[in-house]
Amino acid sequence: MTKNRLQVFWTICLAFLLLVGGCTPSKTTIEPVQSEAKQNNKQVSELAISNEPKQSESDRNKQQMTEVTKDETKGELKVHYIDVGQGASQLIIGSSGKTILIDAGNNDKATLVVNYLKKQGVSKIDILIGTHPDADHVGGLDAVIDNFEIGKIYMPKVQSNTKTFEDVLLAIQRKGLKVATAKAGLTLDWEMDTNVQMIAPVEQYSDTNEMSAVIHLSYGQTSFLFMGDAESKSEQDMISSKVNLRSDVLLVGHHGSNSSSSQAFLDAVKPSYAVIQVGKSNNYGHPTAEVLKRLLDRGIKTYRTDDQGNIIFTTNGKDILVKYDNGITVPIKGEIAPTSTNNPSSVKSSEVPKKQEDNVVYNNCSEVRAAGKAPIKRGDPGYSNKLDRDNDGVGCE
Ligand SMILES: [Zn+2]
């Protein structure tokens, strides 16, 4: 398709920026986590049960849902940071099984993403978001659209004349979907107990990365921020727009590029945990040493798909568990006891065979040394946060 034809095509798409119908309940089921949460008195005492009625999609003039805490969570929410190499893709499965897919990696990861979703029992994507038209984000979207029922699709008002982007538009057209414009100020109609806000792009930017849709999700007392490839200009505008940026888990913008994750932004988000979706030995130098240092300086524990493969966070609205491909489950917030011998996720790595030693749990460094495993690195079986007090990725040094 020529650039002109594409522009006409995209213009037609935009002309139909109608909202697609509501969300029917998904057939998705997920395995419940074997959580053994001890009561955290402080957190429980701070619980304020909210009976806020569900609001449908609102415009900027409506009350900002960011102010509402939906503490009455009904089960578990899972966030999958899918290992798509140098690219990005996140699957969110809500407490009643509704789904959000943000991006789908490069073209050559389309089958991987489709298979991953099927393995989770996903049959419908209730909300599909293409953060921006770059190939490492929208490459696999056409296959996702072709393979799953799609509720609603959001993309920012920016075009690209690549074959990859054209394929996405054609898949949307084939399915008769209408694209809703991704922009700041939208409350996404999803699970009753989850608050999902689109907080960027705040403005129209000439840079494609800056046009990235940014999603803030809060579930009970836990929160997640999904950045796409948004960079410092968009970050500054999000800060200025005074939306709630605070998040427990930050998907680091633009794969850890130095143009994102500015000091001011990190200080506004104040994450405890960060995820970087990045390919091993990529040509972009992602993530940069500067960004890693900014995270480290703030004591933000960082997970990377190039080191850990698929990374899955599970939360009950209070506690958070993280699990990655080597089968180790680590409680990172709250008091959930490790469930290392009971794999809590339905995801099992096809690449990392599950060995006996993958389930080993060391309670302290004495045990690690006794086993001859010290120092123990992040990603090794048995590694956990408590063994790595300085949080440098190497425990029991
Ligand atoms: Zn990217």
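Buried here means 20 or more other C-beta atoms within 10 Å of the residue's own, exposed means 12 or fewer, and partly exposed is in between, with C-beta atoms placed from the backbone.

A word on the source. This is a predicted model, where local features need pLDDT of at least 70, side-chain atom pairs count only at pLDDT 80 or more, and totals for chains, interfaces and linings use all residues. Residues are numbered from 1 along each chain as its sequence is written.

Now the overall picture. The protein chain has 11 helices and 18 strands. These are DSSP runs numbered from the N terminus, with helices (H or I) of at least four residues and strands (E) of at least two. Take contacts in the chain between residues at least 6 apart in sequence: 66% of them join residues at least 24 apart. Contact means C-beta atoms, placed from the backbone, within 7 Å.

Next, the core. The largest nonpolar core has 82 residues, and Ile129, Val144, Val214, Ile215 and Val275 touch the most other members. Such a core is a set of buried Ala, Val, Leu, Ile, Met, Phe, Trp, Tyr and Cys residues joined through C-beta atoms within 7 Å. What does isoleucine 215 contact, leaving aside its neighbours within four places in sequence? Ile102, Ile129, Val196, Met198 and Phe226.

Isoleucine 129 takes us to strand E4. In strand E5, tyrosine 154 is the bridge partner of isoleucine 129. E4, residues 124–129, is mostly covered, with 5 of its 6 residues buried. On one side, strand E3 (residues 99–102) pairs with E4 in the parallel sense over 3 bridges. Pairing requires at least two DSSP bridges between two strands. Isoleucine 100 stands opposite isoleucine 127 in E4. From E3 the chain crosses through helix H3 (residues 110–119) to E4, and this β-α-β crossover is right-handed. That is, with the strands pointing away from the viewer, the path from the first strand over the helix to the second runs clockwise. E4 also runs parallel to E5 (residues 149–155), joined by 5 bridges.

On to the open sheet. Its 7 strands run in the order E7-E8-E9-E10-E11-E12-E13, with mixed pairing. E7 (186–188) and E13 (301–304) are the edge strands, each pairing on one side only. Inside this sheet, E10 (residues 222–226) and E11 (residues 249–251) pair in the parallel sense over 3 bridges. Phenylalanine 224 stands opposite valine 249 in E11.

Serine 218 sits in E9, residues 214–219. Is serine 218 buried or exposed? Buried, because it has 24 C-beta neighbours inside 10 Å. Not counting residues up to four places away in sequence, serine 218 touches Asn195 and Ser223. Its C-alpha is 8.0 Å from that of serine 247, 29 residues apart along the chain.

Now strand E14, residues 311–315. Why is E14 largely enclosed by the rest of the structure? Because 5 of its 5 residues are buried. Ile311, Phe313 and Thr315 point one way, Ile312 and Thr314 the other. E14 has antiparallel pairings with two strands: 5 bridges to E1 (residues 77–81), and 5 bridges to E15 (residues 320–324). Threonine 315 is the bridge partner of leucine 77, and threonine 315 also stands opposite isoleucine 320 in E15. E14 and E15 form a hairpin with 4 residues between them, and glycine 317 in the turn has a positive phi of about 95 degrees.

Most residues other than glycine have a negative phi, and most peptide bonds are trans. Aspartate 103 has a positive phi of about 65 degrees. Aspartate 103 is in the loop between E3 and H3, and is buried with 31 other C-beta atoms within 10 Å. Serine 261 has a positive phi of about 55 degrees. Serine 261 lies in the loop between E11 and helix H8 (263–269), and is buried with 29 other C-beta atoms within 10 Å.

Then the cis bonds. Alanine 200 and proline 201 are joined by one, with omega about 5 degrees. Proline 201 lies in the loop between E8 (194–200) and E9. Histidine 286 to proline 287 is also cis, with omega near -10 degrees. Proline 287 lies in the loop between E12 (273–276) and helix H9 (289–297).

Conventions. Two residues are in contact if their C-beta atoms, placed from the backbone, lie within 7 Å.
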